[in-house]
Amino acid sequence: MKEFKMLDFQRSSQSIREFLDKPLSKDAINEILLDAQAAPSACNTQPWLTHIISGKKAKELKEILKDKWAKGETKSDFIWDQTQFKDKLDERLRNQYKFVYDDFGVTREDRQGRADIMIRNLEFYGAPHVAMLFMPSITDNVNVATDMGMYAQNFMLSCTARGYGSIPQLVFAMFADTIRKELGVSDELKLLFGISFGYPNWEAQPNKNHLSRVPLSKSVTFHE
Ligand SMILES: Cc1cc2nc3c(=O)[nH]c(=O)nc-3n(C[C@H](O)[C@H](O)[C@H](O)COP(=O)(O)O)c2cc1C
């Protein structure tokens with residue numbers, strides 16, 4: 001197990017793309033959820049509605065998602081259009097894809113290898129649990145989605161601090177209708193993304209590297 005000092009786990013925390021086949025206890029999941037629940041939200045509205053999927057239900061859901069993907073049956077609540085990311089954002093997005101392909105030993109030309117990574121995505125990268133994050137749709141959704149991001153980050157940092165690992169996955173949003181149906185969730189709630197979590201397999205290549213960030217000078221302007 002990797003150990004993180006209290007002050008550096010924010011910087012060391014990373015997306016995990018290979019998990020051990022070892023579930024967390026119900027108490028452990030509860031502690032993570034309590035950490036997430038402590039997130040700030042605008043006017044303390046706490047708009048998050050979380051569904052935790054484990055065990056037999058997780059196995060079933062993985063198969064259903066793969067089947068829907070094979071049939072091309074996808075439908076998201078929110079638009080994700082990669083072509084809208086321009087210039088340096090586009091560059092970072094492409095670097096991220098290359099980073100993941102390299103980690104899985106997949107070349108640009110290897111279509112099957114790329115398809116296999118999508119399947120691993122839908123298999124929660126081997127994680128025993130996934131948290132699906134639903135939210136009510138209010139006005140243009142931006143403020144509610146901001147609160148959801150705070151919640152998700154608390155959830156993921158809690159995982160890291162407690163010796164577990166996680167990965168946020170927008171890929172699940174492509175199956176919003178299917179996931180709502182499987183979990184018995186009302187159409188009024190929108191699926192933003194999911195977080196797969198469990199014990200990281202630190203021996204696996206995809207977990208050995210961590211994507212770097214741009215220097216502060218590219219993101220921050222100081223005024224005095
Ligand atoms: C909202 C959100 C959705 C994401 N969706 C996916 C996904 O579907 N599949 C995946 O492999 N990684 C996904 N990621 C992980 C990002 O690729 C990752 O956070 C980023 O490359 C930075 O790497 P790091 O988390 O290891 O620091 C997502 C991250 C966020 C914040």
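Residues are numbered from 1 along each chain as its sequence is written, and side-chain values use heavy atoms, with hydrogens and water left out. Because the model is predicted, local features require a pLDDT of at least 70 and side-chain atom pairs count only at pLDDT 80 or more, whereas totals for chains, interfaces and linings use all residues.

Four strands form an open, antiparallel sheet in the order E1-E2-E4-E3. Strands (E, at least two residues) and helices (H or I, at least four) are DSSP runs numbered from the N terminus, and two strands are taken to pair if DSSP finds at least two bridges between them. The edges are formed by strand E1 (49–54) and strand E3 (165–169), each of which pairs on one side only. Neighbouring strands of the sheet are turned by 25° against each other on average, direction ignored; axes are lines fitted to C-alpha atoms, for helices over the stretch in contact, and angles run from 0 to 180 degrees between N-to-C directions. E1 pairs with strand E2 (residues 129–136) in the antiparallel sense over six bridges, and Ser-54 stands opposite His-129 in E2. Helix H2 (residues 26–37) packs on this sheet and touches E1, E2 and strand E4 (189–198), contact meaning heavy atoms within 4.5 Å. The direction of H2 makes about 160° with that of E1.

A further packing arrangement involves helix H3 (residues 55–71) and helix H5 (residues 111–122), whose axes come within 9 Å and cross at roughly 145°. H3 contributes Lys-62, Leu-65, Lys-66 and Trp-69 to the contact, and H5 contributes Met-118, Ile-119 and Leu-122. These residues divide into five nonpolar, no polar and two charged, where Ala, Val, Leu, Ile, Met, Phe, Trp, Tyr, Cys and Pro count as nonpolar, Asp, Glu, Lys and Arg as charged, and the others, Gly among them, as polar.

The ligand is surrounded by 14 residues, the closest being Ser-15, Tyr-125, Leu-170, His-210 and Arg-213; a residue is included if one of its heavy atoms lies within 4 Å of the ligand. The shell comprises six nonpolar, six polar and two charged residues, and its largest share, three residues, comes from E3. Among the polar contacts (pairs of N or O atoms within 3.5 Å), a backbone N or O atom of Leu-170 lies 2.8 Å from a nitrogen atom of the ligand. A backbone N or O atom of Val-171 lies 3.1 Å from a ligand oxygen atom, and an N or O atom in the side chain of His-210 is 2.8 Å from an oxygen atom of the ligand.

How values were computed: Polar contact = N/O pair within 3.5 Å; in protein donor to acceptor, adjacent residues only side chain to side chain.
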